[in-house]
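Have the sequence and the structure open as you read.

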Amino acid sequence: MTPREIIKNALNEGRTKLLEHEAFQVIKYYGINSPDVVVVTSGEEARSLADKIGYPVALKIVSPDISHKSDVGGVKLNLKNPEEVARGVDEMLKTVRSKAPNARLVGVLMYRMAPQGLEVIIGGVRDGIFGPVVMFGLGGIFVEVLKDVSFRVSPIRKEDALEMLREIKSYKILEGFRGQPPVNKDAIAEMIVKTSRLLEENPEIESIDLNPVMAYPDSAMAVDARIILKRQ
Amino acid sequence: MIDKFFNPGSVAIIGASDKPGKVGRVILENFLKKFNGRIYPVNPNYDEIMGLKCYKSVSELPEAPDLAVVVIPAPGVPAVLEELGAKGTRAVIIISGGFRETNTPQGEMLEKQVKEIAGKYGIRVIGPNCIGIFDNWSGVDTFFLPEEKMKRPPKGHVGFISQSGAFASAIIDWMAYNNIGVSRAVSYGNKVDVDDVDLLRFFIEDEKTRIVLMYLEGLKTSRGKEFIKAARELVKVKPVVIYKAGKTSRGSMAAASHTAALAGDYSLYKSAIKQAGLIEAESFDEIMDIAKVFLTQPLMNGNRVYVVTDAGGVGVMLTDALATQGFEMPRTPPDLREELRSILPAHCIVENPIDLTGDTDDERYMKVLEKILPRSDVDAVVVVALPQVPGIKGSLADYLIEAKSKYGKPIIAVAIGGEEARKISMKLESGGIPVFESPERAAKALKALYTYSMIRRRCD
């Protein structure tokens with residue numbers, strides 16, 4: 001499905017938040033690097049796909065009615081073989097059904113966990129005055145406590161995006177810190193540009209958070225995506 | 001196009017009055033004093049005001065005035081606007097308050113009517129609830145503050161856009177007091193139609209304006225992108241200094257998403273200001289300091305600054321202030337060091353900041369500056385002249401004024417002190433060398449010049 005179809009479908013169902021796999025599909029369409037995800041509905045199905053996906057596997061419950069997944073047992077990480085994966089899915093479905101009996105369950109999202117990198121955040125929001133704007137910052141306390149972020153009004157060119165990176169106070173961390181190698185700034189900048197285009201081309205999207213994005217020496221990957229639509 | 005506001009052949013003042021102190025009287029007086037076009041007072045209660053024939057209504061006017069200034073109470077404004085539209089007037093300044101700003105249903109409704117009528121006839125409207133235009137070149141002056149309360153500055157080249165009427169009149173008064181020449185100032189109030197974007201565009205072509213100052217509280221909904229676009233065009237030809245008021249974040253959107261929570265109003269404006277190539281001033285002092293530099297100084301080629309001082313302490317303060325602003329203060333290169341050594345007494349410091357010490361006189365400054373200014377590795381010079389030292393008599397000022405045009409690079413000065421400092425400052429400033437009372441202010445103003453120089457370079 002194209003982003004247009006995914007968004008339309010969600011709005012038709014009265015949802016203002018895209019499901020996780022839908023959000024991943026939308027960002028993939030714009031060339032934003034992210035894990036390959038599948039949604040399974042049984043342990044059996046999960047077992048058959050596990051080897052293809054690769055390990056370690058992460059599982060997350062997919063439901064329009066559950067926003068805090070781990071509170072209802074809807075998150076499992078670091079599963080290392082087909083048996084663990086199959087058991088994980090079956091257990092998860094059972095636990096969630098008992099803890100959130102009224103929630104509609106779409107299935108279980110399954111993907112290979114990305115290796116740890118430097119966590120950064122790319123976000124976008126539609127402002128009443130400026131239209132789409134994109135934010136960049138480092139993850140964790142840098143955003144939450146220090147609010148060390150930079151913004152640009154879309155459309156954003158790559159040189160603007162690189163300037164956003166340089167503008168944060170903790171920029172030096174991107175350049176390598178305590179023996180860590182520098183991360184690929186071009187890859188992050190390109191992801192910012194793609195996020196800007198995604199917002200420009202989909203006026204129904206109110207905001208997007210790619211949090212975290214794992215930044216590596218050679219690439220970057222959005223390992224979580226949250227897309228909120230405008231209430232119609 | 002909004003040119004007619006600034007250069008009308010005729011103007012009607014609706015609500016003109018002969019009662020001293022009334023807005024309709026002050027504005028009429030303003031026009032009588034300086035405006036060369038035809039003036040039509042309109043007020044049903046008079047046959048004549050201040051020697052001019054007064055018309056009972058807009059429809060009676062002998063022509064469609066190019067510009068109309070409306071000062072009658074708000075409830076009567078829509079009807080007058082309708083008449084003006086039918087008559088053929090396409091530029092209207094509505095001074096009257098009592099519209100949306102009152103937060104009443106009636107005020108909102110009146111403003112909506114104004115908008116509709118303006119749209120129907122294609123009338124461009126400035127206001128309502130504003131003080132309108134002060135145009136030094138055409139004599140259009142709707143600032144209803146009488147001359148004895150608000151001095152008018154001399155004709156000049158500073159353009160001014162202000163969301164606040166009170167701030168606009170205060171700054172105009174201040175510029176008059178400091179003898180800074182103004183081209184045109186506009187305060188647009190509720191901006192039912194003409195807004196920041198239109199005014200930025202107007203200033204692109206306005207030959208009388210060389211720099212634009214701007215006081216902004218907030219843009220109209222969805223105007224952000226157009227604002228950035230218009231500003232980008234304008235800064236290609238002249239610098240724009242902006243003060244953004246209202247810096248606290250709105251916070252109420254917090255819940256929606258991480259990004260929305262962090263996207264406080266001001267952080268977005270700050271990014272937009274940067275993207276547009278505007279120079280942001282963070283205080284009133286800074287607006288004026290930056291304006292002074294832009295009005296008098298050529299652009300910088302790079303960020304290498306030399307300091308020549310007669311006070312070691314101020315030299316160090318300046319070094320700190322310049323470094324804080326990101327300037328490079330190069331070490332004096334060996335060839336220059338040797339040259340300076342050969343002309344200076346042994347106790348002087350030839351390392352940048354170059355310290356001529358307290359026994360210097362005007363001549364020592366001139367000899368040193370003659371070595372520094374022509375060099376291609378010098379992008380700007382800050383001269384500290386504490387006038388308390390006995391050797392400073394005044395010829396340094398004449399020299400600096402001449403050197404600025406001779407060498408075509410920025411020269412600014414720092415003078416700290418009382419009567420003597422004031423004297424030397426006035427002389428320098430009248431010759432186009434801006435003088436600052438503190439190293440920090442000098443460094444910040446120079447930084448604005450550097451930032452704009454780089455913006456211009458990127459545009460070319």
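Domain bounds here come from an automatic or database domain assignment. This is a predicted model, in which local features need pLDDT of at least 70, side-chain atom pairs count only at pLDDT 80 or more, and totals for chains, interfaces and linings use all residues. Residues are numbered from 1 along each chain as its sequence is written, and chains are lettered from A and ligands numbered from 1 in the order in which they are written.

Q: Which domains does the assignment give for chain A, and how far apart are their C-alpha centres?
A: The assignment gives domain 1 (3-112) and domain 2 (118-229) for chain A. The C-alpha centres of these two domains of chain A lie 24 Å apart.

Q: Which elements give two or more residues to the side of domain 1 of chain A that touches domain 2 of chain A?
A: Two residues are in contact if their C-beta atoms, placed from the backbone, lie within 7 Å. The contact takes 17 residues from domain 1 of chain A and 16 residues from domain 2 of chain A. Helices (H or I, at least four residues) and strands (E, at least two) are DSSP runs, numbered from the N terminus. On the domain 1 side, the elements of chain A that give two or more residues are helix H1 (3-12) and helix H2 (20-29).

Q: How do the residues of that domain 1 side of chain A divide by class?
A: Ala, Val, Leu, Ile, Met, Phe, Trp, Tyr, Cys and Pro count as nonpolar, Asp, Glu, Lys and Arg as charged, and the others, Gly among them, as polar. The side of domain 1 of chain A that touches domain 2 of chain A has 12 nonpolar, four polar and one charged.

Q: Which strand gives the most to the side of chain A that touches chain B?
A: Here 22 residues of chain A are in contact with 19 residues of chain B. Among the elements of chain A that give two or more residues are strand E6 (131-138) and strand E8 (205-215). By class, this side of chain A has 10 nonpolar, six polar and six charged residues. With five residues, the most is given by E5(A).

Q: Is B:Asp198 buried or exposed?
A: A residue is buried if 20 or more other C-beta atoms lie within 10 Å of its own, exposed if 12 or fewer, and partly exposed in between, with C-beta atoms placed from the backbone. B:Asp198 is found in helix H6 (residues 196-205) of chain B. With 21 other C-beta atoms within 10 Å, B:Asp198 is buried.

Q: How many helices and strands does chain B have?
A: Of the 460 residues of chain B, 50% count as buried. The C-alpha atoms of chain B fill a box of roughly 85 × 60 × 35 Å, taken along the principal axes. Chain B has 16 helices and 18 strands.
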